[in-house]
Amino acid sequence: MSEPVLSVRGLRTHFITRERTVKAVDGVTYDLHPGKTLAVVGESGSGKSVHALSILRLLPEPPAKVVGGEILFQGRDLLKMGSEEMRAIRGNRIAMIFQEPMTSLNPVIKVGEQIAEAIVLHQGVTQEKAWAKAVDLLKKVGIPHPEERVNDYPHQFSGGMRQRAMIAIALSCEPDVLIADEPTTALDVTIQAQILELMKDLQREYHMAIILITHNIGVVAEMADDVVVMYAGRPVEHAPIGELFASPKHPYTKGLLGSVPSIYVRKERLEAIAGQPPDLSGGFVGCPFAPRCASVMERCKTDDPPQFHLAGERMSNCWLNEGESVERSHRHESAGAAK
């Protein structure tokens, strides 16, 4: 396998105020390879989006602060870069599609100008050449009559077209890594399928790596090569997509898969995960999922499980998998010791 284009190592991001500290991201580790899609999945509040914004250093400081870990992009730690150096990477080598295109696009600037702005900034071409590339990008992402629509404002686009415009902006500099944060939220099913197919086509064309952030298991099945499952700011399972669906190891992953309707398995009723996620500012003893876990043991209530390496490049943070462990993660232990 090729060298990873992005490696996240023990990333910990906290929100610190006078009243409390919220551990929004607590020990995320993975490698992302060129041309591959890594899905980061979990319910709302699990730290998915905060982890992505930490990569691009877009969180306001204060109250946010990356308190530990490394984010290695092509071997260099983004967390140690100066502001100017980071600006040269953000939107250029690493781009992001945000959750809601209507709030991400500037409502008083033409769509074409917003695409051309990134091209001029990062590639140093003339405004005329940037405008021509903006038209070409709108055509590439499936906007009809791009020569005319390039002069439209965001409110003149439908929801699906706005999302395509966001993809055009993200791809304007042909990034090595594309972070897609809930790229199909609020779109109808037909448009969702079109956007996902478009992303796959563009990934093949540019050979870019994608981090797909979602709570939609169906989107994960359609797009991902590997999956990181997050709960309470932590990665609780990491596996190739086929193995995750065939034999989920962590009870939380099993709960997520059990709550999804399937055309292959007849279910009398969908299963729900009881309870609520823990308060990330209150601190907890033992496994954070223990109060909601159907397989909880006494040990889970007192001992925080480490990250176990399993066969087939899999990882799980669950005492149930201790017997399957082929190697204990030294990275996890060092990250835990730093807490």
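Strand S3 (residues 37-41) and strand S9 (residues 226-231) run parallel and are joined by 4 bridges, with Val 41 standing opposite Val 229 in S9. S3 is also joined to S8, again in the parallel sense, by 5 bridges, and here Thr 37 stands opposite Ile 210. Strands are taken as DSSP runs of E with at least two residues and helices as runs of H or I with at least four, numbered from the N terminus, while two strands count as paired if DSSP finds at least two bridges between them. This is a predicted model, in which local features need pLDDT of at least 70 and side-chain atom pairs count only at pLDDT 80 or more, whereas totals for chains, interfaces and linings use all residues. Residues are numbered from 1 along each chain as its sequence is written, and side-chain values use heavy atoms, with hydrogens and water left out.

Why is S3 largely enclosed by the rest of the structure? 5 of the 5 residues of S3 are buried, so the strand is largely enclosed; buried means under 20% relative accessible area, exposed means over 50%, and partly exposed lies in between (1.4 Å probe, protein chains only). The cover extends to both faces of S3, with Thr 37, Ala 39 and Val 41 buried on one side and Leu 38 and Val 40 buried on the other.

A separate topic is the open sheet of 4 strands, which has the order S2-S1-S4-S5 and antiparallel pairing. Its edges are formed by strand S2 (21-32) and strand S5 (76-77), each of which pairs on one side only. Helix H1 (residues 48-55) packs on this sheet, touching strand S1 (6-16), S2 and S4, and its direction makes about 110 degrees with that of S1. Contact here means heavy atoms within 4.5 Å, and the angle is taken between N-to-C directions on a scale from 0 to 180 degrees, using lines fitted to C-alpha atoms, for helices over the stretch in contact. Strand S4 (residues 64-73) pairs with S5 in the antiparallel sense over 2 bridges, and Leu 72 stands opposite Asp 77 in S5.

Leaving aside neighbours within four places in sequence, Leu 202 is in contact with Lys 140, Val 141, Ile 167, Leu 171, His 207 and Met 208.

Turning to charged groups, a search of the whole structure finds 17 salt bridges, each defined as a side-chain nitrogen of Lys or Arg within 4 Å of a carboxyl oxygen of Asp or Glu. Three of these pairs are listed below.

| Glu 85 | Arg 76 | 2.1 Å |

Glu 85, by contrast, is partly exposed at 32% relative accessibility, and Arg 76 is partly exposed at 43%. Asp 26, Arg 234 and Asp 304 are linked in a network of salt bridges.

His 238 also has its place in strand S10 (residues 234-240) and is buried, at 12% relative accessibility. Not counting residues up to four places away in sequence, the residues that His 238 touches include Thr 29, Leu 38, Val 228 and Arg 314.

The structure holds 0 disulfides, a disulfide being a pair of cysteine sulfur atoms within 2.5 Å. For Cys 287, the nearest cysteine sulfur is that of Cys 300, 6.1 Å away, and Cys 287 is buried with a relative accessible area of 12%. Cys 318 likewise is in no disulfide, with the sulfur of Cys 300 nearest at 6.1 Å, and is buried at 7% relative accessibility.
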